[in-house]
Amino acid sequence: MNYHWDWSVFRQLTINTVDRYWEWLLSGLALTVLIAMLAWVLALALGVLLGIARTVPFRPARTAVGIYVEVFRNIPLLVQLFFWYYIVPAFLPLSLQNAINAAHPVLVQTMTAVLCLGLFTAARVCEQVRAGIEAQPKDQFSAALALGLKRHQVYRYVILPMALRVIIPPLTSEFLNVFKNTAVVLTIGLLELTAQSRQVGEFTGHIFEAFIVATLLYFLVAQTVSRLMGRLERRLTIPGESGGGR
Amino acid sequence: MSRPGVRLALLGALVLVIAVATLRFGSAKPDDSAGRRTTLEKIQRSGVITLGHRENSIPFSYFDDQQQVVGYAHDISVAIAREVQRELGMSGLTLKLVPVTSQTRIPLLINNTIDLECGTTTNNQVRGRQVGFSTNYFISGTRFLTRKGSGIHDLDDLAGRNVVVSAGTTSEIVLRRINAQRKLGIRIIAARDHGDAFVALEFGKAMAFMSDAAILYGEISKAKRPDDWHVVGTPMTEEVYACAMRKGDAEFKAVADRAIQRMMRDGDMRRLYARWFQAPIPPREVNLQVPLDPKLSALFAHPNDLPLQ
Amino acid sequence: MNLSLDWSVLPAALPFLLQGMGFSIALLAVSLLGGLVLGTGLALMRLSSNVLVSSFAAAYVSIFRSIPLVLAIFWCYLLVPMVVEAVRGVHTPIGPMYSAFIAYVLFEAAYFCEVIRAGILSVRRDQTSASLALGLTRAQTMRYVILPQAVRTMMPLILTKSIIIFQDTSLVYVISVSDFLGAATRIGQRDSRLIELYLFAGAVYFILCFAASKFVEARTHRKVAT
């Protein structure tokens, strides 16, 4: 059995005789990063809101968020993705359905992926935020209220700044999870990094080169992210507080 | 992780990658020098022949309602396995079935997971650089499957529309090339397999599904309402199907060729065609009613293993 | 799109779905067991004073923790048969299922390594000194003193992670292995009843994972209470 290593395949023209294979991989990387970032913004914004809602003294809000968290946490991402891509549009008004189906598939698939990953991750972020808030001493709340702050002001100026600092490390790993989970979207036909590396492998016959490059790209992005987050964590550490436990 | 730690990790990553690469070199070299290890020897030693099959390529190779692999090409691969058994004089030969997709079939042949893949694999020159091909057993043209009344009649109607293909197929190659050259602006969706591609079509994600006509007829047969769909367009390319095997294994190829050519000579192939294309087939017992193409009957009369492109 | 749902395909599909569920559960069990064993080994390597050993483990963990599981599955799908053949020297027909098992073990081990390392570090240092002073060897100290305590602190994390692994088993879909979701997809595509099958599969996953997470929660609280 022979395998001929040839790293020049990335410089070759692709099957469409216009692009080159390295451009395919790069476009895959760009899609992966784009989806991860957008989904993360959605997850963070929604997750913080839901996390707060889970701690307010208003039972219906807590219950509703609780149901949200359980549903999104306990169904596999792949099923959720299928749900958003195929089933949900089928329940929309016909005109909207047609508009979605006529739009550019990459746009629709990207939006679906962002929505799906964002909502999925928001459930996890929510739980982290809740844990961060609950980790704050109860008397902080009382003290702040006694100082005349309104409840939303207590959250905004006292509780959240502390809680969010505490949960930077788990949030970093949630972000890395979003980044890795983007690969799931290849199942609805979106050519992100993993899918593109398979395409390159299939059309050139040099699957190992393609996979090695994809692996290195994932590795580099993940390392960059954890380094940046580590720096952020150090910068935000309040002197005197034991930050991050390193 | 501290800074030197990160650097060490990076170094380690590189080492691991290189290790993987050399492992491949290392295992490839002795294989070649220490006598050729042919597929037939492997089958004899292990008592197992591993056949790659498709999950969803009706009527060539797919799961029926009992989750058994069936189909025209599957029957051919079983006939080849029987010929291998006869050639090796083995009393028993275990057939091991591994599902493959358009994207995995060639890597799986190269890494020895499967010994033979008979499905809907086009015999062409590009693939011929990576794998070997048996005698051809089918001819089909690439066309479009679309909903009746969609207004799609041929390639030009698809400009600016969404079209789905199965990732890694010759249809994908042809469509991407023509689309780029003629600047048609077709938006191409690459689905995992024929089954996924048809789902995308059925749910309206694409206006048309481009594939070999025979596969498209197979997809219609399992649709909720087969009458809603039809195959349109002038065939854009002609595809010849053959079983794929590891490259340069002349003995194994000879056995496979012998099995296929015998079937063509004594009329078994014609009967096999009638069984899968002109009679009710599982899972829905729909008759595809595809008349025998004169080109195909010419192939049956004059078997060859030549790639068309 | 006609949205009338037809559930009549389900009864006939049940045996095959059950078979798929069997595979999913087997995959979960293997990834947990294998992942924990390999993860413990990696954790001990990371804590080793030998720089080579610890940096190898660190590199292993950071690579596997930065690539998607899907890519790891593809890698093993390609490499495992080759490695098995290179090691044994004989052609060994090995199905994609085994590649999947190995991919999950290798991948989850990287996660468990981090959990176990944190667990070990959470046990106070003076315990090691005390055990060594009592005449236990380093291995004995690890085996009888540190690990049992570490495991106790790690238990909730491991249980929560197993629920996530169970959901992630559905990703073997990409290499056409029939786990529960794969079986559902296959039947759904064949019978043109994909929506019904996916809704059913989603419901089953939800019930199982929800029940499991409630069990974990109850268990964790009891532990804290005592």
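User: Which domains does chain B get?

Analyst: Domain 1 of chain B is made of two stretches, 9-137 + 242-301, and domain 2 covers 142-238. Keep in mind that this is a predicted model.

User: How far apart are the C-alpha centres of domain 1 and domain 2 of chain B?

Analyst: They lie 26 Å apart. Where the two touch, domain 1 of chain B puts in 16 residues and domain 2 of chain B puts in 18 residues.

User: And what sort of residues are on the domain 1 side?

Analyst: On the side of domain 1 of chain B that touches domain 2, you get six nonpolar, eight polar and two charged residues.

User: OK, switching to chains. How many residues does the contact of chain C with chain B take?

Analyst: 26 residues come from chain C and 34 residues from chain B. On the chain C side, α2 (51-64), α3 (69-88) and α7 (180-191) each supply at least two residues. The largest share comes from α2(C), with six residues.

User: What about chain A and chain C, how many residues meet?

Analyst: 26 residues of chain A contact 26 residues of chain C. From chain A, α2 (59-73), α3 (77-90), α9 (193-204) and α10 (207-236) each give at least two residues.

User: Which of those gives the most?

Analyst: α10(A), with eight residues. Overall, the side of chain A that touches chain C splits into 18 nonpolar, five polar and three charged residues.

Conventions: Residues are numbered from 1 along each chain as its sequence is written. Chains are lettered from A and ligands numbered from 1 in the order in which they are written. This is a predicted model: local features need pLDDT of at least 70, side-chain atom pairs count only at pLDDT 80 or more; totals for chains, interfaces and linings use all residues. Two residues are in contact if their C-beta atoms, placed from the backbone, lie within 7 Å. Helices (H or I, at least four residues) and strands (E, at least two) are DSSP runs, numbered from the N terminus. Ala, Val, Leu, Ile, Met, Phe, Trp, Tyr, Cys and Pro count as nonpolar, Asp, Glu, Lys and Arg as charged, and the others, Gly among them, as polar. Domain bounds come from an automatic or database domain assignment.
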